[in-house]
Structure formats: structure tokens, C-alpha cells
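Work through the following exercises with the sequence and the coordinates open side by side.

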Amino acid sequence: MKRIALFASGSGSNAEKIAEYFTNNDEVKVSLILSNNPKAGVIDRARRLHIPVLLFDRHTFYQTDEITELLQNQQIDLIVLAGFLWLLPPSLVKAFERRIINIHPALLPKFGGKGMYGHFVHEAVVAGGETESGITIHYVNEKYDEGDVIFQAKCVVEPTDTPEDVAKKIQVLEHQHFPKVIADLLLNP
Ligand code: GRF
């Protein structure tokens, strides 16, 4: 059995799609959802999906090795960041080298880096007059959005599209591809 730990700080729609995708799968399971945000929508979703949740604060995350040790003890094979905004501490990145992935709602290396998340990304894409956007699934290192790219998918940005229109197209791509890319990484490495 391959075990996934999901980190999310927001609504958690991707976390839910991933968990649902592996329900009844006897090779892969989502073992744990971790969040720094007690008000995050992902927590309700996790309860509904009967997945354990671990809430942590900044001190625990950056000043102790508790999270890394817990993930090691639970024999986690892959850490998936699905709308998680904090930079990972170097010790965690090192302990799970090439076993941490993130999804970014644009075609990296464009529209990435600190502060480029959520609606800021789609606003920048529209303001920049881009004709396409998309999603990037990439390995995580110690810098924002700079690890090696694993997968990208594109969508058209029409001249009349608002940032909300782009966000909707991106979410469709995320839900469609993220679970499958994870399955591929774990089962066909
Ligand atoms: C997604 O757009 C993802 O690309 C980004 O954060 C968003 C998370 O959305 N990293 P949700 O919480 O999964 O709905």
C-alpha cells in the first residue's frame, strides 16, 4: 500500500478529488490531511471522507521536526501539496526528497513565486494579455515554485475572459489531471 499525505490550507477541492479517486483502491490511500488553518474548508471535507486531520502551527512546523517524524513514522510515500501556501522547512524537503509535489495554477515558470497564488495568478494572467494558461505539477524544493516540472496541461484564455473565468478553467484541469498524475507517480515510477 502506498500512502499519501496531503497538505492544504484552503477549500480543499483538489484534496477531495484526490481522496475520492483512491477510495476503494487497494494500492494507494490518502492516509492523512495536514493543515495550518483550522478554518480551512478542507477540514470539513476530510471529516466527510473519514480521513484523519492534523492541524499544526508555525512553531511546530518550522522550529521542530515533529511533522517530518510523524510522516516518516506513518511511512508516507508521497507528500502532496494541494493549495498549501507555506514554504516547506529544509529538513522536511530533505527527508522527502523527490517525494513532495505541488500543483500550481499557471504554466510555470511564468506566474510563479512568492505571492503568486490563487486569484493573484489569474489576475496577472489576464492583465498580461496571455492567450493561454494552465496547470503545473512539479516537485517541491526549498524555493517557491522552482522544482522540476512533472506535468503541465493548458487551456485557452479568451480576450474576454475574466480572472474568475480563468480560475474555473484551471480548476477543471486540476481536478481532471492531479489524481491521475499522482497515481502514475506512485504506481508507474
Ligand atoms: C489550486 O488552484 C492549486 O493550484 C493552488 O491552490 C488551489 C487550491 O484549491 N495551489 P483547492 O483548495 O484545492 O480548491
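**Exercise 1.** How many Å separate an oxygen atom of the ligand from an N or O atom in the side chain of Ser13?

*Solution.* The model is a predicted one, in which local features need pLDDT of at least 70 and side-chain atom pairs count only at pLDDT 80 or more, while totals for chains, interfaces and linings use all residues. Residues are numbered from 1 along each chain as its sequence is written, and side-chain values use heavy atoms, with hydrogens and water left out.

The distance for Ser13 is 2.6 Å, and a polar contact is a pair of N or O atoms within 3.5 Å. Next, a backbone N or O atom of Ser11 lies 3.3 Å from an oxygen atom of the ligand, and one of Ile103 lies 2.9 Å from a ligand nitrogen atom. On its own the ligand has 360 Å² of accessible area (Shrake-Rupley method, 1.4 Å probe), of which the protein covers 81%.

**Exercise 2.** List the residues around the ligand and sort them by class.

*Solution.* Taking residues with a heavy atom within 4 Å of the ligand, one finds Gly10, Ser11, Gly12, Ser13, Asn14, Gly83, Ile103, His104, Pro105 and Glu174. Sorted by class, this shell has two nonpolar, seven polar and one charged residues, where Gly counts as polar. Helix H1 (13-21) and strand S5 (100-104) are the elements that give two or more residues to the shell; helices are DSSP runs of H or I with at least four residues, and strands are runs of E with at least two.

**Exercise 3.** Where does a cis peptide bond occur?

*Solution.* The cis bond joins Leu108 and Pro109, with omega about 10°, and Pro109 is placed in the loop between S5 and helix H6 (118-127).

How values were computed
A polar contact is a pair of N or O atoms within 3.5 Å; within protein, one must be able to donate a hydrogen and the other to accept it, and residues adjacent in sequence count only if both atoms are side-chain atoms.
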